[in-house]
Amino acid sequence: MKLTVNGETRDVDVPDDVPLLWVLREELGITGPKFGCGAALCGACTVHVDGEARRSCVLPVGATKDKPIRTIDALAQGGTLHAVQQAWEEGNVPQCGYCQAGQIMTTVALLEKNPKPSDDDIDSVLSANLCRCGTYPRIRRAVHRAAALLEGAK
Amino acid sequence: MNRRFFLKVSLGGAGALLIGCGANPPPWGGAHMPQSDDGLFDANAWIRIHPDERIEVAMTKAEMGQGSHTLAAILVAEELEVPVDRITPVAAVGPQYELNGLMQITGGSTSTPELWKPMRHAGAAARIMLVQAAAKTWGVPAGECSAADGAVTHAKSNRSLTYGKLTAAAAKITPPQNVPLKARKDFKVIGTNVDRIDLREKVTGAPIFGIDVQVPDMVNAALVPPPVYGSTPTAVDDAEIRKMPGVIDVLSFDFGVAVIASRYWQARRAADALKITWSKSHLDDFDSAKMLADMLAAVGEEGPEAQSKGDIEEAFETSGAQVLEASYSGPYLAHATLEPQTATAWVRGDEVDIWTGTQAQTSARNTAARIAGVDPANVTLHNTYLGGGFGRRGCIDAVIQAVMIATRVDTPVKLTWSRENDTRGWYYRPQMVARMKGSVKDGAVTGFYAHCASQTPGSVPDLISQVAPGWLSEVMLRIMGRLGAQLFDSGTVPNMLALEGMTSHAYTFENQRIDFSPVKGAVPTLFWRSVGHSFNPFAKEGFMDELAHAAGVDAYAFRRKHLAKDDRRLGVLDAVAKLSKWDQKPAEGIGRGIGAHFSFGSFVGMVSEARVVDGDIKVERVYATVDCGQPINRDQIIAQVESAIVFALGAALYGRIDVADGKVVQGNFHDFRILRMNECPEIVCEIIDSTESPTGMGEPGVPLVAPTVANAVFELTGKRLRDMPLVDALATAMKEG
Ligand code: FES
Ligand code: FES
C-alpha cells in the first residue's frame, strides 16, 4: 500500500485495518505521534489527514490511501519552527511533553480553519486533547500567541 | 534516535578528583578522567566540556516534566558562568550519583534541595580550574582573570579564551580544595525566569520517551495481566495466536502472559485474542466499596494512638464548648501518566541494558541485576525522559516485567502497556477515611481529633526493595519485606506516610490527638503526587471550615488564630487572602474556600473560587501563594503550581478507581476522568520572596485543591462535601435534598 506522509510516498505492507498510528511509528519510524489511549480519548496521536486533525490510533491505515498525511515530525520547515511551535517555546508550554505533539497538531489544524479563535473555540477543540501535566493555561495563551504570529506573518 | 540513549555513564567512573567544597564537602567522589585524545575536560563527575564549546552536565534526577534538568543546568550555569542554553543534559545513572547517600531516586520534591549545593559546587570548581588554566597559559595571576559568558578574560592585556580552547590546559589543573559559592546578591540566573532546556525536543515530537526507544533487532511485547491482582495464568490457549502474523512467542509469567511479536500492533492484536485461564486469588472477592464501609466502621471507635498532645477529652467536655464530628473519605486513584508504562530490556550473558523512563534509578538497576543474576555494575540503565511520573514511575513493575521477558528472548525486547494495562495496573493512591472530631469555644479550636484509616501509600515490600542494596538476595528481600509490612501494619509504628498532612498540618492546637488504623490485605498502593498530603488535608481543611462555621468566624480569620506570628504559613495565608481580595464580597454565584498547608518543606496558601452549574462544579479561579525558599526558576515554580492544581482538581472532582469482584472497573480516559482544557480554572500564582534554602514545588500545590473547592461549594450550596470525588458527592447531597 502506498502512503503519502510528510510529502513523501512510502510503501508499507500491512493489512488495511491496522491503525495509522502504528504504521507510522513502527513501519515508517515516524514517532512524533504518541500512543496515549488507543481509543480516541486523549489526542496524543493526532496527525493531519487531508488537512483534518485525526486520531491516528483508531484510524485504519486503509482509509488514508491517496490522502496526504502530515505529522509533527515535518512541521518545522528547514530548521524553522512553525508559528505554533514557536509560540509553544515562547510560553514554556511543555512539561513532560508527551501530549504536546498532539496538542500542537490539533492547534495547527484549528488555526488553519479559524485564524482568530476565541477561548470558547479553543475549549471546544482542545478539550479533547488531554494533558496530565496540566499545561492547559499555557496552551491557551500559546494558541492566542500563535494566532498573532501567523497574523503578523501575512 | 537521541544520542542520550546510547551514552554510557561515562561522566564519573574510576579516578579520584574529590572537589573540596568548603564547609560542605559533597558526599560523592568525583572522577577526574584522564584527558582523552579529543581534548575533553572532565571537570568532575558532573561536568564535561568539549573543545567545540559543548558543555555536558550529568542529570541525576529524572526529567518527568517537573523541570529537573533545567534546574540542574541553571545551578551549574550560575557558577560556571555560561548561558543556561549552552548546557546539554546527559542522563546519568550510577552509585556516584546517590545524592542522599542511599539511592538515586527522583521524587518527594527532593530534586531542588538535593541539587542546590552539589551542582553549584561542581560548576564553581570547573570555573576555578578554567580560570587557572587561562592564567597559566598567559602567565598572569589568576586573580587578574575573570570568567563570563563561557570565556576567561584578562582585562589588563585585553586577552580572552573561550572554555572550549581551555579544555586541554584545564585538565592539567589540580582540582581546587576550597570552592566558595557566589553570594546571593551576585546571582545572575538564579531567581529569574529561565526557559526550559528541553523545549525544542518537546515541540518537535522528538523520540525522547521510553516508548520511542528503537534498538537494533528489537522485538515487541504486549501484556495480558491477570484480571485480579495476585492471580496467575494456569493455562493459555495460544495455538491460533502463534499463527498470527509477526508473532514470535507467547510466554507465561506470574505477572501475566506476554505475547512477543515483531511489531507492537501485532503483539497487541494477538494478546487481545488469547484465551487464558487464571488461578484463584486472595482478592477474588475484593470490593473497594465494602472496604470503605469497613474502614468507616473501624474509625467509628477509638483507634491506636499515633500522636497526642494536651487532653482532647477535657477539651470536648469543657462546658460551653461546641463539639462537632464528621467523616471524610477519598477513593483509590490511578496516576494515569499520559505515556503508559514502557520498558525495553536486553539481557545477554552477564550484561543487561535497560531503556526506560524511571523515577527509581537505583532500584531499577539493582532489581534488574537480581533478576538477570548479574552484578549491578553490569546493568546499564538508559534513563529517557518520562511521559509523566507523579510517583507511578517510582514503581518499577514494567521494568521488572521487561527484564523477566528479556531473559527468555534472544534479542532486545520492548514492553508497552496499553492504557487499560496502565489504568488497571494497581499501585494506586490508597483509599482513605478520617473521622474528625473537634471543639470550638470563644471562636477558636480547643480540641482536635482525627481517626484515620488507610493502607500505607506504598507497598512495604516494594519500598524495601527500593532501598535495599543491590547485593541483597531475593529471599532476604522477601523476609525484610514481610517484617517491614508487619511493623507498619501492627499500628505500633505510627504510619508516617499515611498520616502526613494530618499529624503535621499547618495549625497549632493545644489539644490534639490523631489515631490511625492501618488497613491490610488490599491491592497494592503507591506514592501519588504529594502522598499522604494528597488526602489528609482534604479532611483537615474541610473540618477546619466546619469548625469556623460553627464558631461563627470568617474562614480566614479563624485560621489566622491558629498560626504563630513568625510562621511562614501565616505569610502565605495572609498573602493569598490579599491576592484573592478575600476581604471583598465575591461575585454573584461564586463560592470561596481558603487554606494553608506545609509539605515537602514548602508553604502554600490557596483560595479557590467555584460555581455550581446544573449540578456540576465549575472552578473558575485558583489563587496560590508559595514560599519555597530562595526561588531558582520563577517560571517553572509557577508551572509546577499550575500542574499540581490541574492534577489535583481532576482528582478532587472526578477521579476514582473502583474495584468490584477483585477487578478494576475503570479502564481508559472515558471512565477514569482527568481534568480537561474546558474545565481548567484560571490560576493566579504569587511567589513569596525568601532567602531560606530552596525547597521543591512538584507536589506542594496539590494538598489544598480538594478542600478549598469543597469549602467553596459549601459556601454556595450549604452542602458539605466530605467524600471525593466531589461531583459524585454533590449529586448524592442534591438527591438527599
Ligand atoms: S492515542 Fe489516539 S487519542 Fe489517545
Ligand atoms: S506535558 Fe505531560 S501530558 Fe502534557
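Over all chains, the count comes to 57 salt bridges, a salt bridge being a side-chain nitrogen of Lys or Arg within 4 Å of a carboxyl oxygen of Asp or Glu. The model is a predicted one, in which local features need pLDDT of at least 70 and side-chain atom pairs count only at pLDDT 80 or more, whereas totals for chains, interfaces and linings use all residues. Residues are numbered from 1 along each chain as its sequence is written, chains are lettered from A and ligands numbered from 1 in the order in which they are written, and side-chain values use heavy atoms, with hydrogens and water left out.

Across the interface of chain A and chain B, seven salt bridges are found. One of these joins Glu89(A) to Arg200(B), with the closest N and O atoms 2.6 Å apart. On the side of chain A that touches chain B, at least two residues each are supplied by helix 1 (20-27), helix 2 (83-90), helix 3 (100-113), helix 4 (119-126) and helix 5 (136-153) of chain A, where helices (H or I, at least four residues) and strands (E, at least two) are DSSP runs numbered from the N terminus. Helix 5 of chain A contributes the largest share of this side, with six residues. By class, the side of chain A that touches chain B comprises 27 nonpolar, 10 polar and 12 charged residues, with Ala, Val, Leu, Ile, Met, Phe, Trp, Tyr, Cys and Pro counted as nonpolar, Asp, Glu, Lys and Arg as charged, and the others, Gly among them, as polar. In total, 49 residues of chain A are in contact with 58 residues of chain B, contact meaning heavy atoms within 4.5 Å. The area buried between chain A and chain B is about 4500 Å², of which carbon and sulfur atoms give 57%; buried area is the accessible area (1.4 Å probe) that two parts lose on being put together, summed over both.

Chain B itself is divided into domain 1 (5-203), domain 2 (210-281 + 341-416) and domain 3 (289-332 + 429-456 + 495-736), the bounds coming from an automatic or database domain assignment. The contact between domain 1 and domain 3 of chain B takes 20 residues from domain 1 and 19 residues from domain 3, and the C-alpha centres of these two domains of chain B lie 41 Å apart. About 1500 Å² is buried between domain 1 and domain 3 of chain B, with carbon and sulfur atoms giving 53% of that area. Zero salt bridges are counted between domain 1 and domain 3 of chain B, although 11 residue pairs in polar contact, both at pLDDT 80 or more, are found across this interface. Helix 1 (68-80) and helix 2 (111-138) of chain B each supply at least two residues of the side of domain 1 that touches domain 3, and helix 1 of chain B gives the most, with four residues. That side of domain 1 of chain B has nine nonpolar, nine polar and two charged residues.

Several salt bridges lie within chain B. The side chains of Asp52(B) and Arg54(B) meet at 3.1 Å, N to O; Asp52(B) is partly exposed at 47% relative accessibility, as is Arg54(B) at 31%, where buried means under 20% relative accessible area, exposed over 50% and partly exposed in between (1.4 Å probe, protein chains only). Glu679(B) forms a salt bridge with Arg673(B), the closest N and O atoms being 3.0 Å apart; here Glu679(B) is buried at 13% relative accessibility, while Arg673(B) is partly exposed at 32%. Salt bridges that share partners also join Lys540(B), Glu541(B), Asp545(B), Arg559(B) and Arg720(B) into one network.

Asn511(B) is located in the loop between helix 13 (496-499) and strand 21 (512-518) of chain B and is buried, with a relative accessible area of 14%. Leaving aside neighbours within four places in sequence, the contacts of Asn511(B) include Lys309(B), Asp311(B), Thr446(B) and Phe448(B). The side chain of Asn511(B) reaches the backbone oxygen of Thr446(B) at 2.8 Å.

Notes: A polar contact is a pair of N or O atoms within 3.5 Å; within protein, one must be able to donate a hydrogen and the other to accept it, and residues adjacent in sequence count only if both atoms are side-chain atoms.
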